[in-house]
Amino acid sequence: QVQLVESGGGLVQAGASLRLSCAASGRTFSKYAMGWFRQAPGKEREFVAIIIRSGGRTYYADSVKGRFTISRDNAKNTMYLQMNSPKPEDTAVYYCAVRSDYVFETSNPRVYDYWGQGTQVTVSS
């Protein structure tokens, strides 16, 4: 009914760049917030970046601020995560997610309604 599909992951060397994509398909649904989260082995899923529908305001985790950029292309119904200067500690499975309705705490993965299957990003030193 609603599908989110990530792509663009892979192996990248530290100092290079990578761009992840998240394509939404299926029935039309509201997207108050779209976000990127990541999960490394043995760790909790953590917030990376989000973009708010109205106005396109963005928020970033401190660990990626200044290096990653979240963006969207409404015509393509796609969201992106530009990863510049990735570090080995950025290695994780990256997931895109959508929260349909307003919520204050958009960095909490538990509030998101839809999730993709994830794409692996591995950063070598």
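**Close-up views of a predicted model**

**View 1. Arg45 meets two aromatic rings.** Arg45 lies over the face of Trp115, 4.8 Å from the ring centre. This is a predicted model, so please read each distance here as a computed value. The charged end of Arg45 also sits over the ring of Tyr95, and here the distance to the ring centre is 3.8 Å. Trp115 is partly exposed, with a relative accessible area of 26%. Both of these rings return in the next view, where they belong to a cluster of ring pairs.

**View 2. Ring pairs link five aromatic residues into a cluster.** The members to look for are Phe37, Phe47, Tyr95, Tyr112 and Trp115. In the structure as a whole there are six aromatic pairs. One of them is formed by Phe37 and Tyr112, an edge-to-face pair with 4.9 Å from centre to centre and 70 degrees between the planes. Phe37 belongs to strand β4 (residues 33–39) and Tyr112 to the loop between β9 (92–99) and β10 (114–115), so this contact ties together parts that are 75 residues apart in sequence. Phe37 and Tyr112 are both buried.

**View 3. Phe37 also pairs with Trp115.** The ring centres of Phe37 and Trp115 are 5.1 Å apart and their planes meet at 55 degrees, so this pair counts as tilted. Phe37 sits in strand β4 and Trp115 in strand β10, so the pair connects parts that are 78 residues apart in sequence.

**View 4. A disulfide joins Cys22 to Cys96.** The count for this structure comes to one disulfide. A disulfide is a covalent bond between the sulfur atoms of two cysteines. In this view, the S to S distance between Cys22 and Cys96 is 2.0 Å. The pair links distant parts of the chain, with Cys22 in strand β3 (residues 17–26) and Cys96 in strand β9, 74 residues apart. Which hand does the bond have? The torsion about the S-S bond of Cys22 and Cys96 is about 60 degrees, so the disulfide is right-handed. Cys22 is buried, at 0% relative accessibility, and Cys96 is buried with a relative accessible area of 0%.

**View 5. The largest pocket holds about 190 Å³ of space.** Which residues line the largest pocket? They are Tyr32, Phe47, Ile52, Tyr59, Tyr102, Val103, Phe104, Glu105, Thr106 and Ser107. By class, the lining of the largest pocket has seven nonpolar residues, two polar and one charged.

**View 6. Asn77 and Ser85 each have a positive phi without being glycine.** For Asn77, phi is about 55 degrees. Asn77 is found in the loop between β7 and β8, and this residue is partly exposed, with a relative accessible area of 32%. For Ser85, phi is near 50 degrees. Ser85 lies in the loop between β8 and β9 and is partly exposed, at 42% relative accessible area.

**View 7. Two pairs of residues meet across the chain.** Pro86 has its place in the loop between β8 and β9 and is buried, with a relative accessible area of 3%. The C-alpha atoms of Pro86 and Gly15 are separated by 6.1 Å, although these residues are 71 residues apart along the chain. Gln3 counts as partly exposed, at 45% relative accessibility. Between the C-alpha atoms of Gln3 and Arg27, 24 residues apart along the chain, the separation is 8.6 Å.

How values were computed
Residues numbered from 1 in each chain as written. Predicted model: local features only at pLDDT ≥ 70, side-chain atom pairs only at ≥ 80, totals over all residues. Heavy atoms only, no water. Phe/Tyr/Trp six-rings, centres within 6.5 Å; stacked < 30°, edge-to-face > 60°. Helix = DSSP H or I, 4+ residues; strand = E, 2+ residues; numbered from the N terminus. Buried < 20%, exposed > 50% of the residue type's maximum accessible area, 1.4 Å probe, protein only. Lys NZ or Arg CZ within 6 Å of the ring centre and 35° of its normal. Disulfide = S-S within 2.5 Å. 1 Å grid on protein atoms, 1.4 Å probe; cavity = no way out; pocket = protein on both sides within 12 Å on 5 of 7 lines; lining within 4 Å. Points joined across faces, edges and corners; volume = space filled by probe spheres on them. Nonpolar A, V, L, I, M, F, W, Y, C, P; charged D, E, K, R; others polar.
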